[in-house]
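Colleague: I am new to this structure and would like to go through it with you slowly, one question at a time. Could you set it out for us to look at?

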Amino acid sequence: MFPPIPNPTLPPPEPKFGEKDIMRRSASNVTPPAERLTEVAKLIDVTKCIGCKACQAACLEWNNLTEEVGFNHGVYENPMDLTPDTFTLMRFTEWVNPETENLEWLIRKDGCMHCEDPGCLKACPSPGAIVQYSNGIVDFQHENCIGCGYCIKGCPFDIPRISKVDHTAYKCTLCSDRVAVGQGPACQKACPTQAIVFGTKDEMKDWADFRIKDLKSRGFENAGLYDPQGVGGTHVMYVLHHADKPSIYAGLPDNPRISPIVETWKGVTKYLGLAVMGFAAAAGALHYFVAGPNKVTEEDEENAEKLTEGKAPPPPADPTQSQGHAP
Amino acid sequence: MTNSWTDIKNTDLVIIMGGNAAEAHPCGFKWVTEAKANRGAKLIVVDPRYNRSAAVADFYAPIRQGSDIAFLLGVINQCIQNDKVQWDYVKAFTNATYLVKDGFAYSDGLFTGYDESKRDYNRDEWEYQIGEDGYVLTDDTLTNPRCVWNLLKQHVAVYTPEMVERICGTPKDKFLKVAQMMGECSAPDKVMTSMYALGWTQHSKGAQNIRCMAMIQLILGNVGMRGGGVNALRGHSNIQGLTDIGLMSNLIPGYLNIPTDKETDFATYMSTRAFKPLRPNQMSYWQNYKKFFVSFMKSMYGPAATPENDWAYDYLPKLDVSGYDVLRAFEMMKQGKMNLYFCQGFNPLQAFPNKAKLAEALGKLKLLVIMDPLETETARFWEDHGVFNKADPSAVKTEVIQLPTTCFAEDEGALVNSGRWLQWHWAAGTPPGEAKHDAWIMAQIHLRLKELYRTEGGTFPDPIVNLNWPYADPGEPTPEELAKEMNGSALVDVFDPNDPTKKVLEAGKQLSGFGQMRDDGTTAGGCWIFSGSWTEAGNMMARRDNSDPGDTGAFLKWSFAWPANRRILYNRASCDLDGKPWDSSRKLIEWDGAKWSGYDVPDIAPTANPRDVGPFIMNPEGSGRLFVRKMMRDGPFPAHYEPFESPVANVVAPKVRGNPVARVFPDDWKQFADIGDPAFPYAGTSYRLTEHFHYWTKNNHVNAVLQPEQFVEISEELAKEKGITLGGWVRVWSKRGEIYAKAVVTKRIKPMTIDGKTVHIVGVPIHWGFVGAARKGFPANVLTPFVGDANIETPEFKAFMVNIEPSTGPVA
Amino acid sequence: MTLHDPVAGVAPADVETGDAVHPGPPVTVDRYTLGARINHWITAISLVLLALSGLALFTPSLFFLTGLFGGGQMTRILHPWIGVVLFCSFAILFVRFFKANLPAREDVTWVAHSADLLAGREEKMPEVGKYNAGQKGVFWAMSALILILIASGIVMWDQYFFDLTTIEQKRIAILVHSITAVVIICVWIVHVYAAIWVKGTIGAMTRGRVTGGWAWRHHRKWLRELVRRPGAPAE
Amino acid sequence: MNMELSRRAFLRTSGAGLAGTTLGAMGFGEAEAATAAYIKPFHLANTTETRNTCTYCSVACGIIIYSKGDLKKGEKAEIVHIEGDADHPTNRGTLCPKGAALRDIVHSAQRLQYPMLRKAGSDSFERISWDVALDKIARAMKDDRDANFIAKNADGTTVNRWLSTGFLAASATTNETAFATYKVVRSTGMLAFDNQARV
């Protein structure tokens with residue numbers, strides 16, 4: 001058994017991290033803290049998960065979220081997708097293993113992966129709406145969120161959701177308020193089978209190794225850890241029985257990375273765009289400076305008068321004529 | 001549970017059959033995952049559905065609901081055929097060697113002595129051969145054809161793997177794999193645990209389902225072992241406690257019995273309860289029956305219980321039938337023989353079978369009293385909810401009083417968990433509105449009733465006006481007062497029976513355990529098995545030391561476990577005949593030549609010599625019973641019987657319908673579908689979902705979010721056959737009623753071939769009703785038949801026949 | 001109200017409603033009606049506001065511009081609605097102006113001589129109608145870009161249209177929107193610069209009139225057509 | 001639009017895209033000064049902890065109830081959160097989906113608040129006082145018991161049973177409540193007495 005985290009003390013201690021530990025801040029340049037906090041991680045062992053949704057209940061309770069009572073749609077998922085009030089969701093897949101022809105019921109707890117290189121943060125236009133603490137937690141600051149939904153486009157895992165009520169983005173906070181006082185996330189605390197464990201990222205990797213060995217001994221040759229390097233690794237990791245094909249787990253991306261389109265948009269487009277606009281403006285200015293204004297001359301006015309008075313004005317310019325002959 | 005939740009971590013093999021621990025007991029199931037992670041234990045799930053326990057199992061085998069006995073007797077057959085038997089254990093600790101009377105036999109699905117008109121057996125021949133010394137005759141060589149082992153061998157021979165496949169629909173190779181995995185645990189250092197729940201009990205032969213597993217565990221030598229045992233996963237937080245305290249028709253606290261009409265006086269009553277050992281030197285708690293009974297009566301009636309009036313024996317009601325269980329109560333109600341009915345935290349309109357019958361019965365009451373923290377359908381059975389609850393309030397004359405009670409968070413006291421731990425809890429919140437504690441309500445009713453009898457007189461007021469009510473505030477006994485009363489105390493100074501000068505207890509002091517109880521009226525104690533829970537040392541149930549020496553999972557200093565703080569029942573059986581552990585790595589207790597000691601409280605007298613006293617001290621044999629004598633109404637061995645509603649006739653006994661001795665009321669027979677009735681071709685079963693708890697959590701918004709709306713589960717094959725779409729509406733109906741639900745079409749349910757016939761399964765979760773935060777729906781009991789287990793009347797909720805069709809949904 | 005010029009046999013669309021010459025001195029020419037001017041300025045203001053709010057969301061270094069709109073949330077709310085205003089306003093503008101902006105023969109020559117124009121050698125340019133090829137280019141570029149912006153903008157407008165497209169489509173839309181926005185801002189810079197550089201132009205969109213000299217110098221063909229028209233002073 | 005922009009002014013304006021600081025100096029700075037990041041305060045601060053046991057299944061998970069106000073001090077206590085007790089040997093702080101949502105069953109919209117009576121033939125409940133309710137119950141019990149109590153059976157044996165009234169006991173009440181219930185019910189001679197062990 002992974003040692004349980006002791007009950008919280010009351011009154012709780014001061015938060016152990018905060019503003020000073022911000023490593024990345026959306027739409028801002030920050031100087032990363034000189035010393036990085038120990039990286040934390042939540043490990044979700046899909047092979048131990050019984051799909052009981054205790055994590056969902058605990059998340060709703062701890063975060064005081066009120067989700068709507070929905071409908072049954074012929075499956076066990078409820079709600080059917082993440083919402084601004086459902087930060088975490090059990091996703092169920094009935095998969096027949098082609099090798100053994102046995103049915104496997106794959107149950108994955110979906111939610112924010114707390115990427116080391118968070119696409120949401122990269123996409124976010126609003127300074128300080130998304131922060132990443134040096135322990136790896138990616139947190140949304142709703143006071144700064146403008147509700148543009150860019151984080152949704154930035155996220156390789158389709159996680160953030162915009163609230164129809166306050167029009168800001170919501171997702172799992174990894175219970176930063178709990179972690180800050182030495183507790184684990186609410187979902188981890190509740191998980192009956194300890195399919196969710198929480199600790200330092202190194203501890204979690206060790207624990208995953210222990211679990212993977214057990215799974216291999218039970219015939220799951222491809223058991224492994226899901227800590228995708230395309231996003232620099234994540235602070236929520238999975239142990240999968242079939243780590244060679246993550247996508248069978250309700251579409252867990254095989255090789256997640258921030259979309260190249262988002263990279264282009266937030267990278268080259270941003271800089272090139274500013275440059276082009278700046279260049280255009282500068283070119284105009286330069287031209288004006290060099291060529292001077294294009295002014296109407298007295299002669300032009302006279303010609304116009306002649307024309308209106310019916311006097312012979314200069315004939316229309318003939319484009320076929322050679323240049324250099326003033327009319 | 002013979003063992004405890006935390007003990008499951010010590011096992012090598014978990015078999016979940018007749019239950020769905022991952023869904024119904026997730027936090028207990030944790031210890032299965034611990035066993036897997038730490039010991040490399042394997043998990044087998046045998047169930048009609050590939051459920052959430054199966055999702056994390058090492059092996060899954062399908063089985064048709066209601067055929068478990070055939071499967072399990074098939075396993076026993078395999079163990080015998082392949083010599084997967086813990087022989088030392090079986091010979092020493094079970095009745096395998098005992099000789100059975102020559103008159104006992106079994107043929108065509110019936111045991112000796114069947115009387116069809118009474119639907120009952122004359123069980124006289126279901127007994128051991130007794131020698132001249134008064135003890136059972138045995139044959140240690142197991143060669144005598146009348147020894148239990150040979151009778152068993154003969155009894156299970158018909159349950160071949162082919163027969164199992166034919167009855168259960170379990171593919172032969174899967175059955176054999178399960179039997180082989182289980183058989184391996186016959187090694188002394190390999191232990192299996194069984195986790196079951198209502199999937200086994202809610203059948204017309206539920207008790208025999210469990211007996212099968214108990215027999216297997218005895219054959220494998222797993223009872224009393226760490227990580228072994230037969231573990232009933234109780235469904236409610238204190239249903240163990242309520243049963244312990246005897247809140248049943250036929251019980252007195254601590255599993256003592258309410259007398260029957262035939263027991264006309266106390267002496268007659270005690271005569272059948274005198275413990276007579278069937279083996280030399282055998283000991284038992286039941287030797288102390290009178291001490292427990294008298295102490296209870298002193299607690300109940302105080303000074304009014306005297307030696308002269310046989311401790312107020314006549315104050316107790318006498319039973320004329322085996323019991324007034326709930327099915328009988330509602331049958332009586334329907335017949336207009338019941339006028340008042342109380343439901344304390346109970347929602348019978350949803351919880352008992354055949355909702356239409358229940359509603360009709362409730363409508364014949366004069367007064368229905370509901371005490372509940374929550375709205376229930378029962379309290380509003382008269383209210384019209386369209387298709388969900390058709391009713392005409394003006395036609396229902398029943399008066400209903402609904403009393404608001406506190407919930408767990410607002411009261412104090414102890415609950416008994418499945419592992420028999422009595423855990424104390426404290427109140428944390430102010431009750432809403434005018435909600436009151438149940439104990440206050442009961443006290444108020446009692447005081448008012450007593451006052452009426454006192455002032456008006458009336459029929460036999462004695463037990464009411466003389467009820468011992470010694471509480472500081474008679475209007476509201478405190479949990480502490482009641483807990484102390486159940487533990488028991490000395491009423492006067494108590495002296496050592498062997499040395500009358502030696503005072504062992506001072507008047508007014510709490511007993512330290514049931515060993516201090518007396519049969520002379522000098523001690524009182526409400527519930528002997530709880531004795532030791534609140535002693536002079538204080539409230540043992542509130543202990544919170546979670547140290548676990550030896551990492552055994554015993555936690556002896558955490559709360560209190562009955563009896564006598566013992567954590568694993570029959571733990572004496574974890575040692576061989578010399579008192580040495582069968583498996584030294586699983587040491588629990590040990591005989592050091594003079595006494596027993598170890599990590600658990602020994603389940604035997606501390607100085608009982610292992611060669612003299614058998615480990616199963618609740619039985620007069622001292623041994624575990626493979627042959628259960630006449631203790632059960634439907635046979636000393638389990639035999640396969642089909643459910644009362646079944647897709648096929650009984651393959652091993654075609655003439656027998658259902659359990660031949662299960663009680664069926666005449667009107668209910670008419671509401672059973674015939675065997676193989678083409679109008680009801682699909683095998684229905686009901687069950688819980690992990691997101692909900694019975695009919696309570698539909699009142700909880702969060703749980704309503706997690707599973708908002710009623711559904712039924714069917715296979716892709718059946719859906720295709722009937723044109724049912726995923727998430728579409730279906731109508732499901734039985735001979736008793738119809739429900740509308742969404743369809744969950746799944747690969748997790750497969751059609752089965754039963755006796756050559758394709759049988760589809762329709763799964764019906766139970767949690768919906770017409771009040772609450774979740775969407776309105778139908779309780780599963782709309783569909784289920786009104787029949788119970790032959791021994792204990794647990795309704796047959798798990799196997800019934802239905803039909804299904806696509807629908808456009810309920811029209812309210 | 002006719003845009004037809006039955007006399008000259010030139011492209012009849014070249015003269016728009018309300019265009020007229022008033023003999024001088026000084027000669028003045030009515031170039032834009034009040035309606036056209038209002039239409040233009042609504043479009044122009046919208047475009048500027050869109051550029052400012054868009055840029056605020058486009059790059060963090062300009063996020064401060066959200067201050068102009070009452071904060072980030074308001075910027076996010078307003079931007080698409082201003083976009084709708086722009087689109088509608090421009091659509092009317094388009095109907096108003098598109099005929100005069102249809103390509104003409106002299107446009108090719110004009111383009112060929114555009115270097116002369118920039119170098120101040122206006123005299124080398126062909127006589128053009130109401131709009132020169134550069135103006136027409138701006139017009140058509142604006143039309144096309146606004147169409148792309150509104151289309152991609154709707155894909156990005158999560159508050160109302162989130163469910164209509166996939167996230168990948170939204171990502172493409174957002175990239176297209178950004179690039180298009182950059183381009184349209186550049187076109188806008190050209191347009192504004194041209195108006196500033198060519199003195200006397202801005203009056204066309206403020207007062208609705210230009211001087212005869214201005215018309216003679218920059219849109220001589222147009223001026224001739226106006227003069228030639230029935231009821232025109234020279235006839 | 002100022003048509004006669006000076007060259008300098010033009011330069012400055014058109015450069016706005018690059019020279020944000022200028023506008024910043026014009027009072028737009030506030031948008032930039034976004035709220036500093038902070039961690040939400042741990043909302044169990046200033047609550048009272050109470051050890052309790054989950055009310056649902058018989059795993060009997062240890063829970064800690066956090067309330068505003070302390071009953072032990074005679075205060076009104078409002079339950080604000082419920083969480084698993086990490087010290088508990090069985091559940092080690094974990095809870096199932098029912099247990100994890102316990103707070104919302106305590107505060108369920110369907111919690112009963114007052115004694116209610118539904119009269120014969122009525123289509124609704126009406127509120128009554130505890131005294132009225134309890135007196136009515138006691139009276140009904142006495143009347144029915146006096147009328148239907150069976151003191152002796154056909155054989156003349158004393159049986160002292162009362163069969164026309166039944167009692168279903170709860171499954172989640174405490175042992176102590178159960179014992180009080182047992183005493184009161186059994187003392188009347190009632191036999192149709194049962195609990196939820198089977199369902």
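Colleague: Among the contacts in chain D with a separation of 6 or more, what share comes from residues 24 or more positions apart?

Modeller: This is a predicted model, and what I say about it is computed from that model. Chain D has 199 residues, of which 54% are buried. When the contacts in chain D with a separation of 6 or more are taken, the share that joins residues 24 or more positions apart is 32%.

Colleague: Which order do the helices and strands of chain D follow from the N terminus on?

Modeller: Chain D is built with five helices and eight strands. Read from the N terminus on, these elements follow the order α-α-β-β-β-α-β-β-α-β-β-α-β.

Colleague: Which helix of chain D gives the most residues to the side that touches chain B?

Modeller: In this pairing, 105 residues of chain D are in contact with 140 residues of chain B. The side that chain D contributes divides into 52 nonpolar, 32 polar and 21 charged residues. With 13 residues, the element that gives the most to this side is helix α4 (residues 130–148) of chain D.

Colleague: Where a strand of chain B is joined to a strand of chain D, which residue is the bridge partner of I401(B)?

Modeller: Strand β14 (residues 399–404) of chain B and strand β4 (residues 116–118) of chain D run antiparallel and are joined by three bridges. Within β4(D), the bridge partner of I401(B) is L117(D).

Colleague: Which residue of β8(B) stands opposite I15(B)?

Modeller: β1(B) is joined to strand β2 (residues 42–47) of chain B by five bridges, and the two run parallel; in that pairing K42(B) is the bridge partner of L13(B). β1(B) also runs parallel to strand β8 (residues 192–196) of chain B, with four bridges between them. In β8(B), the residue opposite I15(B) is S194(B).

Colleague: At roughly what angle do the axes of helices α6 and α7 of chain B cross?

Modeller: P161(B), E162(B), V164(B) and E165(B) of α6(B) meet K172(B), F175(B) and L176(B) of α7(B), and by class this contact has four nonpolar, no polar and three charged residues. The crossing of α6(B) past α7(B) is right-handed. The axes of helix α6 (residues 161–168) and helix α7 (residues 172–183) of chain B come within 9 Å, and they cross at roughly 115°.

Colleague: How far apart do the C-alpha centres of domain 1 and domain 2 of chain B lie?

Modeller: The domain assignment of chain B gives domain 1 (5–232) and domain 2 (666–807). Their contact takes 22 residues from domain 1 of chain B and 29 residues from domain 2 of chain B. The distance between the C-alpha centres of these two domains is 28 Å.

Technical notes: Residues are numbered from 1 along each chain as its sequence is written. Chains are lettered from A and ligands numbered from 1 in the order in which they are written. This is a predicted model: local features need pLDDT of at least 70, side-chain atom pairs count only at pLDDT 80 or more; totals for chains, interfaces and linings use all residues. Domain bounds come from an automatic or database domain assignment. Two residues are in contact if their C-beta atoms, placed from the backbone, lie within 7 Å. Axes are lines fitted to C-alpha atoms, for helices over the stretch in contact, and angles run from 0 to 180 degrees between N-to-C directions. A crossing is left-handed if the near helix is turned anticlockwise from the far one by less than a right angle, and right-handed if clockwise. Ala, Val, Leu, Ile, Met, Phe, Trp, Tyr, Cys and Pro count as nonpolar, Asp, Glu, Lys and Arg as charged, and the others, Gly among them, as polar. A residue is buried if 20 or more other C-beta atoms lie within 10 Å of its own, exposed if 12 or fewer, and partly exposed in between; C-beta atoms are placed from the backbone. Two strands pair if DSSP finds at least two bridges between them.
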